[in-house]
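This report covers a few local features of one chain.

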Amino acid sequence: MSKGKYYITTAIAYTSGKPHIGNSYEIVLADSIARYKRKDGYDVFFQTGTDEHGQKIELKAGEAGVTPKEYVDQVSGVIKDLWDLMETSYDKFIRTTDKDHEKQVQKIFRKLYDQGDIYKGSYEGLYCTPCESFWTQSQLVDGKCPDCGREVKPAKEEAYFFKMSKYADRLIEHINTHPEFIQPVSRKNEMMNNFLLPGLQDLCVSRTSFKWGIPVDFDDKHVVYVWLDALTNYITGIGYDADGNSTEQYKKLWPADLHLIGKDIIRFHTIYWPIFLMALGEPLPKQLFGHPWLLQGDGKMSKSRGNVIYADDLVKIFGVDPVRYFVLHEMPFENDGVITWELMVERYNSDLVNTLGNLVYRTLTMANKYFGGRIVRTGVTAKVDEDLKGVVTAVADAVEDKMENLRVADALTEIFNALKRCNKYIDETEPWKLGKNEEDFPRLNEVLYNLCDSIMTAAGLLEPFMPGTAAKIAEQLNCPMRSFEDCRAAGTFPAEHQLTQTPAMLFTRLKPEDVLEDAEKLMESQKKAEEPAEKTAAETSGEGTASGTENAPAKEGAPLEENPAVTDVEAKPEITYDDFAKLQFQVGEIISCEAVKKSRKLLCSQVKIGSQVKQIVSGIKAYYTPEEMVGKKVMVLVNLKPATLAGVVSEGMLLCAEDQDGNLALVSPEREMPAGAEIC
């Protein structure tokens, strides 16, 4: 019996280029939630797709010598192929160039205009081309676009505007009375304090400076602004009709149960989208989750740097399920996650090869060796059996609790903790010793029965996250996939059962040096392929659309001269060696970094130094983005007395070099050194 409908969406991916692994994370996350809900008895509808209009597409198509439609057809195909490669179980892949979507967008625009929510005017301000957004001088950060950090230029344009302030109070009330509406809570606080409470300006919802968009049908000089176009996909894709003739599917599915989006586009989804829906007289989605970013170990992924990691490249080396496992397991609920080739190999070998793969292989091999693969429940038990069963049967409820709160990484951790308990059970029961004496065979068979029972529970719980691996486990144990209800009870494995006669390793150990060599070749090949378009990519990347296509683009600081002139530095008083000896310098590794709120200059870094982590605030925001900081090895003054800067405690100092123009560069070890190494 169905528990009811569950409508989940991702942001639609922007068709400016092939998505990297940070972008692919979202579709895998959404798929794991959709699969979980289906298995839990919900009637799930899972929608994703591509966002295909806008000035950036028009420019890129021109550079490629093709029409905008030809350009988006090609890129949309690449994105869909990637989503299919990652075995995502979406029910609909919508494109904003679909004729039925375009028709409804025109009808929505006209409806909002006819009821007085949209009016015609003109806009003069500072325009960011990548974000397709106008800004006032007061909204800029360090004179640049507050969303992407790039240059803005003065522009004036006739446009239609939406009266945002008309619905602002109603939205504030909704957010206050529905605490689950925006998650995590930090995202809600950001939207309330930075945008809603200070007051909303009317929003530009049409453009005349380019043509690649959905025409306003009563004023063909204008095309619909990309956000109004893209956001409405969540209702047009399931049959919404602005004339009041929506389909039965729409009536069944709306409101959405979950919009899953990147944290960089949270404002558009939690402010603009709800207000558009209010104006249309439609219910608001039940929940919006702004997930964090998956960052490269040495900062933001960038084509010009040649350090972009793509899902299909990872799959070539590790396989689909290991990539799914990594991105889901390594992404915290609220903070950014980090991906490196080294970390990927470590997790693959430790979690998948050792904890999971070896457990299944050892169990099946012993069953075949001692009993020809035939498992019989004998009832010869010991106290340790009950402890194992208690741990394993408790996992289903723990996973349910984590998934209900969208803590997917924590749900996976619960499952792998149970797998570790199974491995410990093997060490405790020592089945290889039981196999030496025939009189111990009944106990040995009970031990193997308990292991098979526990492994099938783990497979049933792993299915939403690693569907291919779960299916292989069930095949090797010659059992149907276990339901969540069966996962809650011990002893649901058949009392007498024949396993497969040919156990096989689920995962084969990889040598880190081999993987890094292959990764280096991939990166080099990728960099060469990107070199001809490097300048264009740098200028146009990072458009802020409903896709969240780019992790936060790097903010450009003051340019460092290639050969800055050497200047004399004012001398300070001489010190003795004893003075110097009081200072403790060590190598630190930055494991996370974020901008300090209410400060235009400060970054707050979590720096690993040996076995401890220090929080250090530095005035280097003009020279490094938070993404660039992550993974850097730096020189740290560790015994500096803690101080509070802009309300944030700083427990040390990062050392920088400064040239004659005041440009800063972090000081790093010349050679690879471990975090914590003493600098003397």
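Leucine 583 is partly exposed, with a relative accessible area of 40%; buried means under 20%, exposed over 50%, and partly exposed in between (1.4 Å probe, protein chains only). Leucine 583 lies in the loop between α22 (577-581) and β18 (585-595). Together with Ile575 and Phe580, Leu583 forms a nonpolar patch on the surface, with about 270 Å² of accessible area in total. Patch members have over 30% relative accessible area and no salt bridge, and nonpolar side chains are joined within 5 Å. A salt bridge is a side-chain nitrogen of Lys or Arg within 4 Å of a carboxyl oxygen of Asp or Glu.

The model is predicted: local features need pLDDT of at least 70 and side-chain atom pairs 80 or more, while totals for chains, interfaces and linings use all residues. Residues are numbered from 1 along each chain, and side-chain values use heavy atoms, without hydrogens and water.

Helices (H or I, at least four residues) and strands (E, at least two) are DSSP runs, numbered from the N terminus.

| Helix | Glycine just after | Phi |
|---|---|---|
| α4 | glycine 116 | about 90 degrees |
| α13 | glycine 372 | about 60 degrees |

The buried residues of α4 (residues 99-114) include Val105, Ile108, Phe109 and Leu112.

Strands β6-β5-β7-β9 form, in that order, an open antiparallel sheet; pairing requires at least two DSSP bridges. β6 (133-135) and β9 (203-204) are at the edges with a single partner strand each, so one side of each has no neighbour in the sheet. Phenylalanine 162 stands opposite leucine 203 in β9.

Conventions: Expected span 1.5 Å × (residues − 1). Patch = residues over 30% accessible without salt bridge, like charges linked within 9 Å, V, L, I, M, F, W, Y side chains within 5 Å. Areas by Shrake-Rupley, 256 points an atom, 1.4 Å probe, with all protein chains shown as cover.
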